[in-house]
Amino acid sequence: MSDSLERSTKINLLKESVVKKLCEVLDKSNTRGWRKLGEIVGNDRRFTVSSDDMELCSLRVLEVEGSPSLMLLRLMGERGCTAGHLIDYLQTLGNTEALHCLKPQVLQILIQPQSVSLICGHNLRLSCHAVGKSAVQYQWFKSKEEVPNSAFPELMISPVSVKDAGFYICRVNSGEVCEFSQWAQVDVLNVGMSYGLSYHSLDGRLKLVMQPQFQHLHVGETLRLECGAVGRPIPRYQWHRNGVPIPNAAQRRLMIPHVMQDHSGRYRCEISSSTDRMWTNEADVVIDDIYALGGGSCEFLLNSIPEQLYATDKVALLIGNLSYQNHPQLKAPMVDVYDLTNLLRQLNFKVVSLLDLTESEMRNAVDEFLLLLHKGVYGLLYYAGHGYENYGNSFMVPVDAPNPYRSANCLCVQSILKLMQEKETDLNVFLLDMCRKRNIHDDNTPNIVLRVTANIVFGYATCQDAEAFELSSTGFTNGVFVKFLKKRLLEDEKITVVLDRVAEDMGQFDATKGKQALEIRSSLSERRALTDPILPSDSASLVHAQSRQWAKAHELPESMCLSFDCGAQIKLGFAAEFSNVLVIYTYIVKKPDDMSFCQAHVTDFSQELDVDPKEMNRETPEETGIYLLSSSLPQHCLYTRLSSLQKLREELVFTVCLQGTFADMDDDHPVHWTTSINIGKPLIARLDLHRAMRRNSCMQTCLMPHSPSHSPCHSPGPEHQLHLCHGPHQVQDYNRLSPQQRYLDVCEHPHGAAGGCGSGSSYYDNLNQCGYELAYDCAGLGVPIEASDDISEVQAVFINSLQLEPQ
């Protein structure tokens with residue numbers, strides 16, 4: 001068949017095997033798949049594809065083995081699209097794999113060599129496999145030089161030495177056709193011991209085998225630090241000094257020529273791959289000024305250096321509540337907690353990050369947090385969600401709080417501070433990203449007596465009796481506080497200096513100028529910073545027990561390879577988005593030659609997790625709600641997100657189902673194989689936060705006595721309920737309003753703010769004039785809340801004009 005005749009073939013007449021393979025490629029691609037193809041075709045007037053057509057295609061994912069790409073190709077074929085047109089579209093799309101389906105290559109590389117890091121003395125194996133119309137020949141190269149005796153699909157070097165490190169590539173020939181594989185980097189670590197690692201262990205998690213060592217240098221000398229880990233693929237490196245990332249220090253070896261005294265400090269390296277992350281030990285670097293000393297003793301110089309402050313450990317509890325049962329839901333807490341988690345980990349904090357906790361879960365989480373504190377520890381608590389402040393005491397609102405809520409339904413921040421003081425911590429930092437309006441339904445006056453200590457820092461996202469805002473948008477963005485905090489958090493400055501700079505930055509933000517201002521309250525007398533290094537206490541057993549307690553809540557299940565009777569193998573992997581959110585992904589490692597289609601998915605989860613079947617086993621992370629971790633996950637998998645792991649009472653058992661079809665089958669019905677998997681209690685589930693609240697110090701301190709008429713389960717009648725928009729005696733069910741109705745009500749009735757939640761009309765008029773909507777804290781039944789609604793196109797333009805960061 002001639003090329004011209006092939007190009008004129010209608011795509012609805014293409015062979016079924018070709019179409020099926022093409023659809024598999026387009027369905028699994030995130031950026032160059034069927035959606036982008038539909039956009040390209042939609043711009044061609046000959047075969048118009050409308051938005052309704054694209055929606056029709058997208059609905060195919062809800063069907064068993066449904067293919068959006070197949071639906072799109074059928075629509076294109078019905079409108080006269082030919083194979084030639086499709087080839088042109090795919091070339092514009094830039095999807096070479098899809099093009100290969102229509103124009104099969106004479107020579108195709110099926111298995112590419114992978115980069116690897118390994119120990120000197122072990123065996124190196126690189127693989128490259130190709131198929132062609134005639135016999136295939138192989139030749140390996142290291143850089144531009146041929147590797148002797150390497151005319152085979154697999155390159156074996158045994159034992160490997162440091163001189164074998166470098167970049168390798170394989171040339172493949174079939175007749176007169178030649179192709180090159182992708183480059184593979186080989187890093188060989190020369191360490192003094194084997195660490196008991198076999199070649200096969202390189203397919204698992206990263207293994208740290210080389211630690212940086214103490215360095216004592218003089219000014220002008222060269223600092224050299226080295227670390228190393230083995231694994232496949234090759235690890236990534238990022239060096240840190242005193243907890244702050246060093247720019248342009250992303251190699252295994254760190255070299256700084258002509259050092260100055262400012263280069264002194266504690267160095268360590270973050271080592272990561274697509275699935276793993278670890279840290280080296282800290283290495284002290286001491287640099288003496290020989291010129292100032294005249295070559296004499298350095299004792300005077302060392303004594304003149306300001307005393308370095310240390311933490312015996314650094315622990316942070318981050319809670320973001322957004323999915324409220326009886327109050328408007330929020331968006332920003334998830335993004336804020338995620339961003340702060342990553343930043344605090346860079347500062348060597350042990351971070352527990354939790355989303356959507358009930359009252360009992362919050363109290364139990366605080367109990368576990370307190371167990372990690374001891375003398376000399378830096379403790380940090382960040383909370384984002386609904387909140388209020390009465391009589392100088394701040395209250396955090398759980399997701400199951402009733403409407404209206406009172407102090408007995410919430411956690412008192414000052415009560416937690418009192419318990420932290422009993423642990424003799426060296427620094428207590430509270431970052432409260434919530435509103436501080438008075439709760440008119442709570443008339444209790446807590447009597448909390450705090451010790452006088454010079455180590456307390458409060459960073460309030462807003463001033464007393466004011467609201468905290470999150471920027472409404474169709475996507476996921478930070479709240480106003482964290483938007484500016486995350487730019488400053490890694491600075492090596494006293495924590496109050498950092499917060500002062502954040503306050504200055506927020507004060508220049510037009511959208512909230514005059515409406516939200518950071519308030520700092522501090523009794524901190526020493527220059528303590530979040531970047532201070534960690535110097536463990538003498539009590540090694542205590543430190544080990546507490547580190548084990550933290551690690552217990554952050555242990556991921558081991559990835560596993562599952563084999564089925566049909567000969568197929570699948571990889572089952574895990575990742576943590578938060579301490580109570582687990583991501584499961586599956587992909588096919590091997591399928592039998594006679595199997596035309598093969599896919600693996602997970603099912604049968606515990607009802608305690610409340611997993612929506614429509615959001616399981618999706619082809620992109622975003623489709624299942626994984627917005628923040630998606631770039632770190634492997635591609636071409638099926639993804640499932642499990643949230644609220646703290647509710648698990650039993651071990652997590654689920655089913656892995658493999659379904660496939662065979663080329664010689666008479667019908668297209670898939671065959672199923674299943675296996676049951678038990679991964680124990682992953683992440684925070686190990687701590688049993690679901691348990692009943694214990695009569696411990698947190699419970700006793702947080703709960704406040706109520707009279708019978710003000711008990712948590714007794715809500716006042718309509719005559720006592722207030723609504724901002726409709727005056728003090730008009731009651732409206734806020735949760736039944738659409739987002740548009742909520743926004744219009746608030747903006748059109750600015751004077752209905754009875755009960756201490758009101759503000760002048762100019763407040764809302766100014767917001768409307770600038771076209772910018774702020775989700776604020778006074779829209780409920782007289783109870784402080786933060787509303788969160790989508791902004792209009794005009795508001796989006798305004799955001800862009802302010803050059804806001806995309807969140």
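Visitor: Which hand does the crossing of α4 and α5 have?

Guide: The crossing of α4 and α5 is right-handed. Keep in mind that we're looking at a predicted model. Helix α4 covers residues 51-58 and helix α5 residues 68-78, and they pack at an angle of about 140° with their axes 8 Å apart. Angles over 145 degrees would count as roughly antiparallel, so α4 and α5 are oblique to each other.

Visitor: Which residues make the contact between α4 and α5?

Guide: From α4 come D53, M54, L56 and C57, and from α5 come P68, M71, L72 and L75. Sorted by class, this contact has 7 nonpolar residues, no polar ones and 1 charged one.

Visitor: How do α13 and α14 cross?

Guide: Helix α13 (residues 480-488) and helix α14 (residues 495-507) have axes that come within 9 Å and cross at roughly 130°. They are therefore oblique to each other, and α13 passes α14 in a right-handed crossing. On the α13 side you'll find V480, F481, F484, L485 and R488; on the α14 side, V498, L499, R501, V502, D505 and M506. That makes 8 nonpolar, no polar and 3 charged residues in the contact.

Visitor: Which residues of α13 are buried, and what do they pack against?

Guide: The buried ones are V480, F481, V482, K483, F484 and L485. They pack against the helices α10 (332-346) and α14, and against the strands β23 (377-384), β27, β28 and β29 (470-471).

Visitor: Let's turn to charges. How many salt bridges are there in the whole structure?

Guide: Here's the general idea: side chains of opposite charge can pair when their charged atoms come close. A search of the whole structure finds 32 salt bridges. One of them pairs R436 with E519, with the closest N and O atoms 3.0 Å apart. This pair links distant parts of the chain, 83 residues apart: R436 sits in the loop between β27 (427-433) and β28 (456-460), while E519 belongs to strand β30 (residues 519-522).

Visitor: Are R436 and E519 buried or exposed?

Guide: The cut-off for buried is under 20% relative accessible area. R436 has 1%, so it counts as buried. E519, at 18%, counts as buried too.

Visitor: Which other residue meets E519 in a salt bridge?

Guide: That's R521, whose side chain meets E519 at 2.9 Å, N to O. R521 is partly exposed, at 32% relative accessibility.

Visitor: What about R528?

Guide: The side chains of R528 and E526 meet in a salt bridge at 3.0 Å, N to O. R528 is buried, at 6% relative accessibility, whereas E526 is partly exposed, at 36%. Elsewhere, salt bridges that share partners join R488, E491, E493, R501, D505 and R527 into one network.

Visitor: Where does G320 lie, and what does it touch?

Guide: G320 lies in strand β21 (residues 313-320). At 0% relative accessibility, it counts as buried. Leaving aside residues up to four places away in sequence, G320 touches P333, V337, L354, L355, D356 and A384. There's also Y383: G320 and Y383 are 63 residues apart in sequence, but their C-alpha atoms are 5.9 Å apart in space.

Visitor: Now the backbone. Which peptide bonds are cis?

Guide: Most residues other than glycine have a negative phi, and most peptide bonds are trans. Among the cis cases here, one joins R232 and P233, with omega about 5°. P233 is in the loop between β14 (228-230) and β15 (236-241). Another runs from N403 to P404, with omega near 5°, and P404 is in the loop between β25 (393-396) and β26 (411-412).

Visitor: What is the phi of N617, and of L683?

Guide: N617 has a positive phi, near 55°. Look for N617 in the loop between β34 (595-603) and β35 (638-642), where it counts as buried at 17% relative accessibility. L683 has a positive phi near 50° and is found in the loop between β37 (671-678) and α16 (697-702). L683 is buried, at 1% relative accessibility.

Visitor: How many helices and strands does the chain have?

Guide: The chain comes to 19 helices and 38 strands. Of its 807 residues, 53% count as buried.

Technical notes. Residues are numbered from 1 along each chain as its sequence is written. This is a predicted model: local features need pLDDT of at least 70, side-chain atom pairs count only at pLDDT 80 or more; totals for chains, interfaces and linings use all residues. Side-chain values use heavy atoms; hydrogens and water are left out. A salt bridge is a side-chain nitrogen of Lys or Arg within 4 Å of a carboxyl oxygen of Asp or Glu. Helices (H or I, at least four residues) and strands (E, at least two) are DSSP runs, numbered from the N terminus. Buried means under 20% relative accessible area, exposed over 50%, partly exposed in between (1.4 Å probe, protein chains only). Axes are lines fitted to C-alpha atoms, for helices over the stretch in contact, and angles run from 0 to 180 degrees between N-to-C directions. Angles under 35 degrees count as roughly parallel, over 145 as roughly antiparallel, 65 to 115 as roughly perpendicular and the rest as oblique. A crossing is left-handed if the near helix is turned anticlockwise from the far one by less than a right angle, and right-handed if clockwise. Contact means heavy atoms within 4.5 Å. Ala, Val, Leu, Ile, Met, Phe, Trp, Tyr, Cys and Pro count as nonpolar, Asp, Glu, Lys and Arg as charged, and the others, Gly among them, as polar.
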